[in-house]
Amino acid sequence: MIQKRSIAVCIILSIVTCGIYGLYWMACLNNDVNTASNTFGTSGGMVVLLTLITCGIYGIYWAYKQGEKVDAAKNNRGIPSSNSGILYLLLTIFGLSIVAWALMQSELNQMAV
């Protein structure tokens, strides 16, 4: 089941906790997108660990793959989709990963029942 989260609260908590809540949010996003798209790849905890170990490089790859999974989940539900992977990738490369996460959360909130 996909959990609806307040995007504003997630962003504020990420800023207030100096990114620690952001890592938790990243793990939750990964798990929710896996559930929504019926693909069970890397777990949320492993995504955070790999991102930390590779100094953020895995996070860039992860953002692109999340976009593909979000598009697949939208297609499975009959919702028109765009190429979200490229958007998330560009936002993450330019240091706006929190914006990409907010967009992912927005898509997940729309798919949550």
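**Exercise 1: α2 against α4**

Met 26, Leu 29, Asn 30, Val 33, Asn 34, Ala 36 and Ser 37 of α2 are in contact with Gly 59, Trp 62, Gln 66, Lys 69, Val 70, Ala 73 and Asn 76 of α4 (contact means heavy atoms within 4.5 Å; helices are DSSP runs of H or I with at least four residues, numbered from the N terminus). The model is predicted, with local features needing pLDDT of at least 70 and side-chain atom pairs pLDDT 80 or more, while totals for chains, interfaces and linings use all residues. Residues are numbered from 1 along each chain as its sequence is written, and side-chain values use heavy atoms, without hydrogens and water.

Task: sort the residues in the contact of α2 with α4 by class, then describe the packing.

Step 1. The contact of α2 with α4 holds seven nonpolar, six polar and one charged residues (Ala, Val, Leu, Ile, Met, Phe, Trp, Tyr, Cys and Pro count as nonpolar; Asp, Glu, Lys and Arg as charged; the others, Gly among them, as polar).

Step 2. Helix α2 (residues 20-37) and helix α4 (residues 57-76) pack at about 35°, with axes 8 Å apart (axes are lines fitted to C-alpha atoms, for helices over the stretch in contact, and angles run from 0 to 180 degrees between N-to-C directions).

**Exercise 2: α1 against α6**

Task: at what angle do the axes of α1 and α6 cross, and which residues meet?

Step 1. The axes of helix α1 (residues 7-16) and α6 come within 10 Å and cross at roughly 150°.

Step 2. The two helices α1 and α6 are therefore roughly antiparallel (under 35 degrees counts as roughly parallel, over 145 as roughly antiparallel, 65 to 115 as roughly perpendicular and the rest as oblique).

Step 3. Ile 7, Ile 11 and Ser 14 in α1 meet Ile 98, Ala 102, Gln 105, Ser 106 and Asn 109 in α6. This contact of α1 with α6 divides into four nonpolar, four polar and no charged residues.

**Exercise 3: α3 against α4**

Task: how are the axes of α3 and α4 set, and which residues meet?

Step 1. The axes of α3 and α4 come within 6 Å and cross at roughly 135°, which makes α3 oblique to α4.

Step 2. From α3, Val 47, Leu 50 and Thr 51 meet Tyr 58, Gly 59 and Trp 62 of α4. By class, the contact of α3 with α4 has four nonpolar, two polar and no charged residues.
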